[in-house]
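The following note is intended for a reader who is meeting this structure for the first time. Please keep the sequence and the 3D view open while reading the numbered points.

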2 protein chains.
Amino acid sequence: MIRIALDAMGSDKAPQVEVEGAAQALKELPAEFHLQLVGRTADIDAALSRVGEVDRSRIEIVDAPDVVGMGDKPLAAIRGKPRSSIAVGLGLQQKDKSDAFISAGNTGAVMAASTLLLRLHPGVQRAAIGALFPSAGQPVLVVDGGANIDCDARELVGFAHLGSVYARDVLGRPNPTVGLLNIGEEDEKGNAVVKEAHQLLKQTSGINYIGNIEGRDIPVGEARGQRLDVVTCDGFVGNVVLKFYESAGRVFVSLIKREAPDVLQRPEMANVLKVLDYATYGGAPLLGVQGVVIICHGASPAQAIKNAIRVAVQAVRSHLSDDIAAEFAHDGKIPA
Amino acid sequence: MIRIALDAMGSDKAPQVEVEGAAQALKELPAEFHLQLVGRTADIDAALSRVGEVDRSRIEIVDAPDVVGMGDKPLAAIRGKPRSSIAVGLGLQQKDKSDAFISAGNTGAVMAASTLLLRLHPGVQRAAIGALFPSAGQPVLVVDGGANIDCDARELVGFAHLGSVYARDVLGRPNPTVGLLNIGEEDEKGNAVVKEAHQLLKQTSGINYIGNIEGRDIPVGEARGQRLDVVTCDGFVGNVVLKFYESAGRVFVSLIKREAPDVLQRPEMANVLKVLDYATYGGAPLLGVQGVVIICHGASPAQAIKNAIRVAVQAVRSHLSDDIAAEFAHDGKIPA
């Protein structure tokens, strides 16, 4: 049995979209997968009664009476609300009663609680968010998507390792390419941290490093003539670009809706619009903690929750956490 | 008479697109505007013979036998090729024989030569590129678009001043709002430099500072309930986002072309596609130098060159350079 814990109180429309996403996921997943809905039991029960057919034998409700708000300070919320859905949900995994945790709640609180309760794998300096960017080709995984604001060069190398393992295990890319986000391809480009990271990455074994890449390469999904799988960057630029892209996609769709609404209904446009559709991807992994944690947008629809559950399932099945431990156990991989 | 110098050797398709852009611009501009085409006389003559009707009495060819390549090191190119179109074109402005300079050539070389030959206005710490981002509303000016990789907090305040003057003079926005690009709106968000810049900007008079903004606000063209006119950020993140946006737009259009090509022909789509069309904007000003310098994409079509000429004209007419000098002459404006 594989158990996925889902924070039922996280999203803007909690717990309804979480419960709907859970019900959809259970229909698609093999019987060995069970879901733990973490939150206020009465609210979850009410939401369950509103969704259609659902296999209750594979759902466990885990009561957590407190809720961390989007405006709560992360550390204070974790310490002050030990019975929140975030703390209780992650506590299940800490006590080996669950295999993964998914939340669309306060991202900072989920990150802080994950690091506190699950701890980092030995050798991992900082946990990082892996954000999948749609592209004209395959999606590109950008690490870090916003967990770490100031990063040093060795941390950027660590993100390259984390992203590579995730790309192999969850995205099914056997020898993933890694690019360093920079403002030009040449060796001498970038600030001091990025220049140092470039030199370190060139010497790092076990990573398929293809060199400096630029912002323009991400939407194309290719860099230096190869498919681009993983991009490493600090969480400041990663977060700015991530929010920028999400917003640009929404703006574009809303402009088409205003000017030529029928265009959006055209079946051929589905292949275009999926490039802008974050619900397809569902959730972003918090990489580096001992366990599986998937962070969703607060505005996630049920489909995004369902897809986040599928991502968590793939991470558990592929032994992502063990593989990250193994990657970082090879001390020689990050040049000292 | 107002004289605009145009580097005829800069773009990927030089000098043809430059000459075509010049011919188009002259048709639209009043008779007082003259163009100085700087480059290899024979090449420019040949290109002129290939364009249609053009008023040769308003075109002066200024011979510059050397060409700075896209791969040349900026400083070495300026020092080693004093007869390049970049050095000669900027030299005209230095000697008061021209009012503006436009180039689609090596951006680093144009920036280095501009700073060396024209010098910065007193009080300006670093020249910065003002990049116009299309948005659902009015375009948003992002400063710095890539001239300065590592910036301190006071430099970010300087970019806010530079962008504000440009927005008033060239974009016609009387009291432009300024946002600081960050990863959240709250005071405590961001890295050390950004946090310090936020505090400085709050105390800075003469700037309509609206606070931290996020990547998502730029495509919308609004932040904190107001129109967003100017965004200040370091040139690393500015350049990454700029290249990302240009590329995302191209990818989107090419996907529509592949999947549903007739959609691009629909007249209502023009209002959507203009959000992705950089040719509309033409060129990015290098702000802070004593003079007017407009930098174009190497891949600029003739229309972008024409629009860059119009931008230069507006900068000259509005006395942009004098207004920047005045802005920075008020010592009290940047908190010490």
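This is a predicted model: local features need pLDDT of at least 70, side-chain atom pairs count only at pLDDT 80 or more; totals for chains, interfaces and linings use all residues.

1. A polar contact is a pair of N or O atoms within 3.5 Å; within protein, one of the two must be able to donate a hydrogen and the other to accept it. By this rule, 12 residue pairs are in polar contact across the interface of chain A and chain B, both residues of each pair being at pLDDT 80 or more.

2. The size of an interface is often given as the accessible area lost when the parts come together. Between chain A and chain B the buried area is about 4200 Å², and carbon and sulfur atoms give 74% of it.

3. Charged side chains also meet between the two chains: the count there is 6 salt bridges. A:Lys73 forms a salt bridge with B:Glu188, and the closest N and O atoms of this pair are 3.0 Å apart.

4. Chain B contains an open sheet of 11 strands with mixed pairing, in the order β3-β2-β1-β4-β13-β12-β5-β6-β11-β7-β8. Its edge strands are β3 (59–63) and β8 (208–213) of chain B, each of which pairs on one side only. From one strand to the next, the twist averages 25°.

5. Strands of a sheet pair through backbone hydrogen bonds, either parallel or antiparallel. Both arrangements can be followed in chain B. Strand β5 (residues 128–133) of chain B runs antiparallel to β12 (residues 284–287) of chain B, and 2 bridges join them; B:Ala128 stands opposite B:Leu287 in β12(B). By contrast, β7(B) and β8(B) run parallel and are joined by 5 bridges. Here B:Leu181 has B:Ile213 in β8(B) as its bridge partner.

6. A:Ala112 lies in helix α5 (residues 107–118) of chain A. Residues under 20% relative accessible area are called buried, so A:Ala112, at 18% relative accessibility, counts as buried. Leaving aside residues up to four places away in sequence, A:Ala112 touches A:Pro74 and A:Leu75. The C-alpha atom of A:Ala112 is separated by 29 Å from that of A:Ile218, which is 106 residues apart from A:Ala112 along the chain.

7. In chain B, B:Asp217 lies in helix α8 (residues 217–220). With a relative accessibility of 8%, B:Asp217 counts as buried as well. Its contacts, not counting residues up to four places away in sequence, are B:Glu222, B:Ala223 and B:Leu228.

Technical notes: Residues are numbered from 1 along each chain as its sequence is written. Chains are lettered from A and ligands numbered from 1 in the order in which they are written. Side-chain values use heavy atoms; hydrogens and water are left out. Two strands pair if DSSP finds at least two bridges between them. Helices (H or I, at least four residues) and strands (E, at least two) are DSSP runs, numbered from the N terminus. Axes are lines fitted to C-alpha atoms, for helices over the stretch in contact, and angles run from 0 to 180 degrees between N-to-C directions. Buried means under 20% relative accessible area, exposed over 50%, partly exposed in between (1.4 Å probe, protein chains only). Contact means heavy atoms within 4.5 Å. Buried area is the accessible area (1.4 Å probe) that two parts lose on being put together, summed over both. A salt bridge is a side-chain nitrogen of Lys or Arg within 4 Å of a carboxyl oxygen of Asp or Glu. A polar contact is a pair of N or O atoms within 3.5 Å; within protein, one must be able to donate a hydrogen and the other to accept it, and residues adjacent in sequence count only if both atoms are side-chain atoms.
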